Structures are given as structure tokens and as C-alpha cells.
Amino acid sequence: MNNGMPVPADSAISVILPSVLQPLAGGQSILTAPAEEAVTVEWLLDTVTGEYPALSRRLRDETGTVRRYVNIYVNGNEIRRLQGLVTTVAPGQEVLIIQSVAGG
Amino acid sequence: MGVMATAESYVLAIGTKKGLWLATSPDRKDWSLSGPHFLMSEVPSIGIDTRDGRTRILVGVRSEHWGPTVFHSDDLGGTWSEPENGAITFPDGTDAALERIWQIHPDADSRPGVVWAGCEPISVWKSTDGGEHFELNRGLWDHPHRSEWGAGYGGAAAHSIVVDPTGEKVHVAMSTGGVYRSLDGGASWEPRNKGISAYFMPDPNPEFGQCVHKIAADAAVDGRLYAQNHHGVYRSDDNAESWESIADGLPADFGFVMLTHPRRAGTAWVIPLKADGERIPPDGKLAVHRTDDAGTSWKRLDAGLPDPEYNVVLRDAACVDEAEPAGVYFGTRGGSVYASADEGEHFSEVASHLPDVLCVRAAAVSAALLPAQR
């Protein structure tokens, strides 16, 4: 997405992980992807989880569907209320991954 | 907690709705419990593989949030490994996603490294590397009956896998769908349910579609299988070509459990439940019933078991070990676990107040493998 040219740091998109998933990302709480233009959530997830296949499986199943109790927020809105995985994310934005509150 | 340095000890893996516990014992009477592992994930399947000079515990784990996966441990739960790309993942082109691992079944000593898995959606998988990577059985996945298989209350699953000593005859049971048999090591499958009732269907004796809860093979008689059905307890003496009822003498013909002796012909255990309007042990009195004559007669076994007890025992929440005499183990949905060192004649409590018990598996292991303290 950057044609090999340096991408300004403030245009990177950050994906913030819940604590329970951080061990699967090498202990990182934030994964970033360079972006000079808007990208889809799907592209973003593919990019930041490329080195972490177990993390990828926690977020999406084999069909690429986001797991039912995994919520992905762009600009404060959960993507299911937006355009799903084709929801666009602008450079510099933060994407939050938060699991549903559930249990018994 | 320390363990006596006896030549052999026993490990009992307990999979529950909220995690895995491991119990160890020098004598199958006094138990030490450790856990939970995978807290807040359900553990519906366990395989203890004692081949290849090691003790590998394989667990099918499922998080409501993060999905299902398989972990394994070669140090009795000290550490757990998950293959980087997942042990069981549906391949491209199937348009399917793994829901739950219902069964993990290490194959015979003569086929080291081979492990079978039964999963939801209804599917059978086979590993040749000790359960680290599984391949989808396409013969069953592409079966023309698939669209007509249904789901039991707990989900549509292949939950029982029985492989004969040659490895060529494989029987699978599914809820719902019934028993399917392969004579070519799993390449092709045919339904084999003649005699098994499906009273809830328009035709009560269909070719397939039964809700078979569990099947198990007689360890010593070739071609003999036992089945616990959704109402009905059966035996086949011809590799599932036909089934006959062996429920006479039982207080109820409903249940989920079917266990067979690891060596002796004609010995099996069931745990009857009253159903369908109720779903409790008959009269609230939990008991295991054992046959030693292939189902002609049954003996009630309840020494050491609680009275009353209204919780049920699920299909894989019961197991036997291969020791002499054979041990019998089970756990209830009320979170109690029991063990017998004498084929069910006497039971002792291993644990209580655990979450719903979904699966138990036991094996004799070298005491040298047990950690001194965790």
C-alpha cells in the first residue's frame, strides 16, 4: 500500500487487542499496518495477523467470518452496523477489538 | 501436592464447561486434582495417547468468543502446544467452519501416530502425526446424505469413532444421522442402522437419521458393537449389518454412555436415564449398569454413588482405562466425578463442585512423569 516509500507514522492504522489475545501477538497490545489511503477491515486484519495465524483464527473462522462474539469497532461503531468486513478505515484511525460481555 | 513414587500411577483428565482439570492417583482411590487449564473454555473432547513411549494429552477446546481448537501436552499439563496453523481447520472449498471437536480417538498401537477426530459440523478427521494436524475425511464430508443429517440438542456431530484392528473397518455414529460404516479405511461410507429405532421420525425404522448417542466395540469379538440410542440399547454381531435390542433388564433404555471392556468379551457399561419428559437418573438414583454377557443381563452398580442424584452423565463424560482390573470413570453435569478401580463394583468421588463435566479420559502412566508439585 506504500509502494516501498516510507509511510508517515501518523498514517498507520492501529489495531488494539484485548489482553486475552495479546500473547498470541507476541505480547503486543497494538498491531499496526501502514496505510496511505483507506483500507477495508478485512485487509487490515489480514495484514496485522499475517504473522500470527493463531490470532487470526481467534478473530475469524475458516470462511473468513468474524466470530459471533468478537466485536470490531471503527470510529466507535461496530462493523456489523456498518459495512461489515468491507467497512473502510482511514489512515491514522484506531480499530478496537473487544469481546462481547457474555457468560454464565 | 506430591505423589508417591510407585511404578505406575493414573491420570484422569476431566473436561468441563469451564475448563480442564487433571487428577492423578497411585491407586485409583485417592486423587489429587490440578487445574483449571483453559479456564472459561469448554473442553468437550480429550484423548490420552500413550503410544510412542510418551503420554500425550490432546484436548478439543472451545471458547465462546474465540472458537474451537486442539491443544496437546506431552508433560501432563505442564505446558500446552497449539499447532501454528491449527490442528483441525476446514480446507478451502468446503465453505465450512469448525464449530466443536466432539471426539479425539487415538488409534491402535499398531498404527502409531494415527489419531481420529469427530467434529461439528458432522465430519471425521484423521491425523498421522499424533494429533498435531488432521485431514478432513472427504468420503463422509461429501456423502450424499449430508443434507438430511440433523442436529441433536447439543449440536450436529460425529461423536463416536470405532476402528477395527485392521484399520479397514471404521464405524462412526452421529447425532443425528445414525451409524455409518466404512470397509475401506474411511474412503467410502454407508449407513448401517437396521434395527435401531428413530421413533421421532415419520418412519420409525429409517435407513439413517437415528439419534445414536454412542457406539463402542467389543474388545474381543470381531464384528460386535454396542450402541446407546435415543431410546434403545443395541448390540450388533455383524459389523452393524443389523442391530438387536439388549435393553431388557435396564431401568430405562435412554442414556448417553456406552463403554466396553478393554479386553474382555461381552462386558459393557451404560448409565440409564429416564426420558424424554424428564431427563434424570431413574427415580433420582444414579447407577451404572454392567453386562458381562453381551447384554443378555445387566447388573446394577451404585456402591459409593450419591442418592439422590438428578444430574445426567453425558456421552463422553465416561470412560474406562486399560488397567487390570479395568477402571471405570464418569462425571456428571453437576460437576461430580467418580472412579472405580474394580470395574464398577465400588466408586469413590474424585472431585465435586466442578462445572458441567463434558468428557473424561483416563490412563495408567509412569509415576516418574507426574510433577512433584504444581
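Predicted model: local features only at pLDDT ≥ 70, side-chain atom pairs only at ≥ 80, totals over all residues.
**View 1. Strand E15 of chain B sits largely enclosed by the rest of the structure.** Look next for its partner: strand E16 of chain B, residues 225-229, is joined to E15(B) by 5 bridges, and the two strands run antiparallel. To follow one pair across the two strands, find Ala216(B), which stands opposite Tyr226(B) in E16(B).

**View 2. Chain B as a whole is built with 1 helix and 29 strands.** Step back for a moment before the next close-ups. Of the 374 residues in chain B, 54% are buried. How many of the contacts between residues at least 6 apart in sequence join residues at least 24 apart? In chain B, that share is 51%.

**View 3. The largest nonpolar core has 110 residues.** In soluble globular proteins, nonpolar side chains tend to be buried together. Here, the residues with the most contacts inside the core are Leu12(B), Ile14(B) and Val360(B). Strand E29 of chain B, residues 357-366, gives the most to this core, with 6 residues. Which residues does Val360(B) touch, leaving aside its neighbours within four places in sequence? Among them are Leu12(B), Ala13(B) and Ile14(B). Others in contact with Val360(B) include Ala317(B), Ala318(B) and Cys319(B), as well as Tyr329(B), Phe330(B), Gly331(B) and Val337(B). There is also a second, separate core of 20 residues, which includes Leu31(A), Ala35(A), Val39(A) and Val95(A).

**View 4. Three strands of chain B form an open sheet in the order E4-E5-E6.** Strands of a sheet pair through backbone hydrogen bonds, either parallel or antiparallel. The pairing in this sheet is antiparallel. Its edge strands are E4 (42-49) and E6 (67-73) of chain B, and each of these pairs on one side only. On average, neighbouring strands of the sheet are turned by 15 degrees against each other, direction ignored. Strand E5 of chain B, residues 56-63, runs antiparallel to E4(B), and 6 bridges join the two. A handy pair to look for is Ile46(B), which stands opposite Val59(B) in E5(B).

**View 5. Another open sheet in chain B has 4 strands, in the order E25-E26-E27-E28.** Here too the pairing is antiparallel. Which strands lie at the edges of the sheet? They are strand E25 (318-320) and strand E28 (348-351) of chain B, each pairing on one side only. The twist averages 20 degrees from one strand to the next. Strand E27 of chain B, residues 337-340, is joined to E28(B) by 3 bridges, and these strands run antiparallel. Across this pair, Ala339(B) stands opposite Ser348(B) in E28(B).

**View 6. Ser352(B) lies in the loop between E28 and E29 of chain B.** Is Ser352(B) buried or partly exposed? Ser352(B) counts as partly exposed because it has 13 C-beta neighbours inside 10 Å, while a buried residue needs 20 or more. Not counting residues up to four places away in sequence, Ser352(B) touches Gly335(B) and Ser336(B). For a sense of distance, compare Phe256(B): it is 96 residues from Ser352(B) in sequence and 21 Å from it in space, C-alpha to C-alpha.

**View 7. Thr49(A) has its place in the loop between helix H1 and helix H2 of chain A.** Helix H1 covers residues 41-48 and helix H2 covers residues 53-59. Thr49(A) counts as buried because it has 20 C-beta neighbours inside 10 Å. Leaving out residues up to four places away in sequence, Thr49(A) touches Leu55(A), Ser56(A) and Leu59(A). Leu24(A) is 25 residues away from Thr49(A) in sequence, and the two are 9.6 Å apart in space, C-alpha to C-alpha.

**View 8. Chain A and chain B meet in a contact that takes residues from each.** How many residues does each chain bring to the contact? Chain B brings 15 residues and chain A brings 14 residues. On the side of chain B that touches chain A, there are 5 nonpolar, 6 polar and 4 charged residues.

Conventions: Residues numbered from 1 in each chain as written. Chains lettered and ligands numbered in written order. Buried ≥ 20, exposed ≤ 12 C-beta atoms within 10 Å, placed from the backbone. Contact = placed C-beta atoms within 7 Å. Core = buried A, V, L, I, M, F, W, Y, C linked by C-beta atoms within 7 Å. Nonpolar A, V, L, I, M, F, W, Y, C, P; charged D, E, K, R; others polar. Pairing = 2+ DSSP bridges. Axes fitted to C-alpha atoms, helices over the stretch in contact; angles between N-to-C directions.
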